[in-house]
Amino acid sequence: MHRRDRPGEPRTAFQDAALPHLDAVMTVARNLTRNRQDAEDLLQETYLRAFEHFDQYRGGSMRAWLAAICVNVARSQGRRRARRPVEVLTDPFAVAPESPAGDVLADVTASLDRAVIRAALDALPEPQRLCILLMHVAGYTAAETAEALGCPRGTVLARVHRGRRRLAQVLAGSGVEHA
Amino acid sequence: MPDHEPPLAAFLAGDLDPATARAVDEHLLSCDQCWLAVREDRAGLAIANSLREPADPQLADRIRLAVELASPAPAAPPPTSARWPHSATAAVTGVAALLLTLVTVLALIPRQAAPPTGDSAAMRQVVALARGLRPIASASARAAVALNRPRTLQTDAQSITVQTYAFHGDTALVATATTRPFTMPADAHMPTARAMPWTVTRGANTVYCPRADVLLAGPETTGWLAALAHALHLT
């Protein structure tokens with residue numbers, strides 16, 4: 001039975017459980033898409049699908065469940081996009097985020113670094129990329145990452161280790177600074 | 001050294017028992033290759049962490065509203081035979097109210113169904129799209145929140161971009177013309193002496209035109225569409 005059809009079960013239960021993880025899921029979405037607009041659409045679709053299937057949520061980590069949905073939606077959207085011609089979208093009301101005066105150079109440098117890092121992350125094999133994305137970019141634990149991706153925790157640890165080494169090797173000569 | 005990878009991954013995650021961890025630690029002192037692997041791992045971790053960034057605070061509003069839109073309004077409990085005698089009076093009242101509404105609607109038809117002569121194809125499309133809007137149950141969005149991405153439509157050689165916004169508990173369609181301005185219908189009302197802004201009623205919705213290339217369509221309560229236009233810097 002559909003959750004939203006049940007009398008007396010307010011959608012606020014879903015919102016209370018799922019909305020606190022918005023930052024983490026948005027980080028996942030942002031790193032699975034090419035631009036902010038696509039990321040926001042993916043995030044919205046993830047939450048709508050999670051709401052639709054909330055009755056199938058069996059406890060455990062809510063944000064791992066949301067991440068699993070996000071990854072699945074991104075994969076199916078990617079397949080659909082590959083079959084469709086490119087869609088032209090405009091955003092006439094988008095307002096550029098304000099940058100404090102004097103920080104422009106720092107912002108540009110940071111965004112260039114981010115673009116290089118993102119490209120290196122994108123170039124990793126998908127299993128390594130998803131593990132690193134969930135654990136180190138979105139802040140999931142190894143157990144949550146394993147739950148979201150449906151693999152053992154040890155596999156996640158091995159994948160992030162290989163992926164992190166690969167990232168460092170690829171970016172070693174690119175001039176990207178890291179702590 | 002592939003043999004070292006599984007213990008290194010577990011070692012770096014802090015998963016090893018103390019004795020094994022000590023053994024790996026000692027091994028690192030004498031194995032350059034494994035020590036390089038640890039350093040690369042730590043650098044890769046710092047690199048990946050640098051991609052973290054907070055989400056836009058408006059996103060929470062957008063997602064909350066999207067869930068509310070996807071959730072139907074709570075339905076009234078179905079009547080049962082046991083309850084029928086108690087609700088008979090209410091049913092009679094309901095039928096009377098329905099008849100009264102019907103009579104009122106019939107009386108209003110000549111005025112409300114005034115043919116929208118002079119409506120451009122673009123405006124007819126905006127009005128048709130606005131008919132599908134639903135109010136938001138809660139007034140959680142204090143700022144104007146875009147509920148979808150802008151889409152460009154072609155109507156009668158006119159190119160318009162449409163997007164739905166939630167604002168103070170209700171929704172409206174915002175259309176911008178990208179090729180030529182919207183034409184003002186013959187029955188438009190101008191609250192000021194100037195040509196802009198103008199408003200016109202079409203069915204349950206009001207169309208508000210703050211400037212020649214922008215239309216807002218939605219359920220009008222006093223000043224709501226104007227306030228939305230102001231919030232979006234469209235005035």
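1. A disulfide here is a pair of cysteine sulfur atoms within 2.5 Å. By that test, this predicted model has zero disulfides over all chains. Take Cys151(A): the closest cysteine sulfur, in Cys131(A), is 5.3 Å away, so that pair is too far apart for a bond. Cys151(A) is buried at 14% relative accessible area, and Cys209(B) is buried too, at 0%.

2. Elsewhere, salt bridges with shared partners tie Arg36(A), Glu40(A), Asp41(A) and Arg62(B) into one network.

3. Within that group, have a look at Glu40(A) and Arg36(A), whose closest N and O atoms sit 3.3 Å apart. The two are four residues apart in helix α3 of chain A, about one turn of the helix. Glu40(A) is buried at 8%, while Arg36(A) is partly exposed at 40%.

4. There's also a salt bridge between Asp15(B) and Arg153(A), at 2.3 Å from N to O. This pair crosses between chains, running from the loop between α1 and α2 of chain B to helix α8 of chain A. Asp15(B) is partly exposed at 36%, and so is Arg153(A) at 34%.

5. Last, helix packing in chain B. The axes of α2(B) and α3(B) come within 6 Å and cross at roughly 110°, which makes the two helices roughly perpendicular. His27(B), Leu28(B) and Ser30(B) make the contact from α2(B), with Asp32(B), Cys34(B), Trp35(B) and Val38(B) on the α3(B) side. By class, that's four nonpolar, two polar and one charged residues.

Note on methods. Residues numbered from 1 in each chain as written. Chains lettered and ligands numbered in written order. Predicted model: local features only at pLDDT ≥ 70, side-chain atom pairs only at ≥ 80, totals over all residues. Heavy atoms only, no water. Buried < 20%, exposed > 50% of the residue type's maximum accessible area, 1.4 Å probe, protein only. Axes fitted to C-alpha atoms, helices over the stretch in contact; angles between N-to-C directions. Parallel < 35°, antiparallel > 145°, perpendicular 65-115°, else oblique. Contact = heavy atoms within 4.5 Å. Nonpolar A, V, L, I, M, F, W, Y, C, P; charged D, E, K, R; others polar. Salt bridge = Lys/Arg side-chain N within 4 Å of Asp/Glu carboxyl O.
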